[in-house]
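Colleague: Before I rely on any labels for this model, I would like to go through them with you and hear what each one rests on.

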Amino acid sequence: MIQLHAVHHHFGERPVLRGLELTLSERRIGVVGGNGSGKSTFARLLNGLLVPERGRVLVDGLDTRTHARAVRRQVGFVFQNPDHQIVLPTVEEDLAFGLKNLKLSPADIAERVTTALRRYDLEALRHHPAHLLSGGQKQLLALSGVLVMAPRYIVFDEPTTLLDLRNRRRFAQAIHELPQTAIVVSHDLELLRDFDRVLVFDEGRIVHDDVPATALEAYVRSMA
Ligand SMILES: Nc1ncnc2c1ncn2[C@@H]1O[C@H](COP(=O)(O)OP(=O)(O)OP(=O)(O)O)[C@@H](O)[C@H]1O
């Protein structure tokens with residue numbers, strides 16, 4: 001469970017999050033809202049990439065302010081642009097990167113990497129230069145790089161924005177099949193239709209918090 005208590009955040013003079021009070025326990029949670037409404041800032045709070053100026057964020061009871069490393073292990077983060085996430089030259093090296101920091105044995109690392117490659121049919125690309133993958137393959141590699149770390153939660157910040165229709169569907173299916181809790185920030189409302197819960201942000205506040213049919217309809221109406 002992820003909890004936010006009285007969370008406020010400013011960038012300079014500008015209030016970006018205003019008094020968020022939330023308990024996130026559903027398996028699929030979508031986050032929508034206009035540009036600049038605070039969604040990405042909210043997403044970055046959930047794994048401690050950012051700590052709130054005021055208030056607390058707790059991941060299974062661990063405060064992101066005081067337990068940053070432990071929280072980072074529990075909450076994976078998939079960025080909009082996989083190029084920001086893929087750090088090593090080949091697909092295999094990139095997948096093994098985070099695992100080396102976990103001090104696993106070489107055999108354990110090899111096994112986890114192979115399992116990850118199989119999951120999204122990336123096996124033939126094991127030695128391929130990661131930067132030469134297609135956009136869809138890169139996004140799946142970025143997700144795989146998070147999954148090998150076996151987090152309990154995965155936060156996605158606009159993961160399908162750069163993908164074509166086929167890859168968007170494939171990625172949506174990948175999210176659908178994840179055993180983990182997923183919190184997904186997206187402007188792609190279709191992606192969120194079968195989720196358990198959708199939060200609608202407006203100027204740093206949550207103005208709707210409901211099942212997708214109701215929350216998305218309210219959001220679409222507010223944008224008309
Ligand atoms: N590091 C930062 N420094 C200063 N201002 C920032 C920073 N990050 C975000 N902001 C500002 O905070 C506000 C909220 O940004 P945020 O990225 O959370 O919005 P968003 O809802 O994700 O928007 P979008 O849909 O456009 O991605 C915006 O006005 C943005 O300019």
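**Labels and their grounds**

Modeller: Helix α1 (residues 39–46) gives the most to the shell around the ligand, with 3 residues, where helices (H or I, at least four residues) and strands (E, at least two) are DSSP runs numbered from the N terminus. This is a predicted model, in which local features need pLDDT of at least 70 and side-chain atom pairs count only at pLDDT 80 or more, while totals for chains, interfaces and linings use all residues. Residues are numbered from 1 along each chain as its sequence is written.

Colleague: What makes a residue count as being around the ligand, and which residues are they?

Modeller: A residue is near a molecule or strand if its C-beta atom, placed from the backbone, lies within 6 Å of it. The residues around the ligand are Phe11, Val16, Gly33, Asn35, Gly36, Ser37, Gly38, Lys39, Ser40 and Thr41. By class, this shell has 2 nonpolar, 7 polar and 1 charged residues, with Ala, Val, Leu, Ile, Met, Phe, Trp, Tyr, Cys and Pro counted as nonpolar, Asp, Glu, Lys and Arg as charged, and the others, Gly among them, as polar.

Colleague: Why are α3 and α5 called roughly parallel to each other?

Modeller: The axes of helix α3 (residues 91–101) and helix α5 (residues 135–147) come within 8 Å and cross at roughly 30 degrees, the axes being lines fitted to C-alpha atoms, for helices over the stretch in contact, with angles from 0 to 180 degrees between N-to-C directions. Angles under 35 degrees count as roughly parallel, over 145 as roughly antiparallel, 65 to 115 as roughly perpendicular and the rest as oblique, and α3 and α5 are therefore roughly parallel to each other.

Colleague: Which residues of α3 and α5 meet?

Modeller: Val91, Asp94, Leu95 and Gly98 in α3 meet Leu141, Ser144 and Gly145 in α5, contact requiring that the C-beta atoms, placed from the backbone, lie within 7 Å. This contact of α3 with α5 has 3 nonpolar, 3 polar and 1 charged residues.

Colleague: What makes α3 and α4 oblique to each other?

Modeller: For α3 and helix α4 (residues 106–119), the axes come within 10 Å and cross at roughly 130 degrees, and the two helices are therefore oblique to each other. Glu92, Leu95, Ala96, Leu99 and Lys100 of α3 make the contact with Ile109, Arg112, Val113 and Ala116 of α4, and by class this contact has 6 nonpolar, no polar and 3 charged residues.

Methods:
Two residues are in contact if their C-beta atoms, placed from the backbone, lie within 7 Å.
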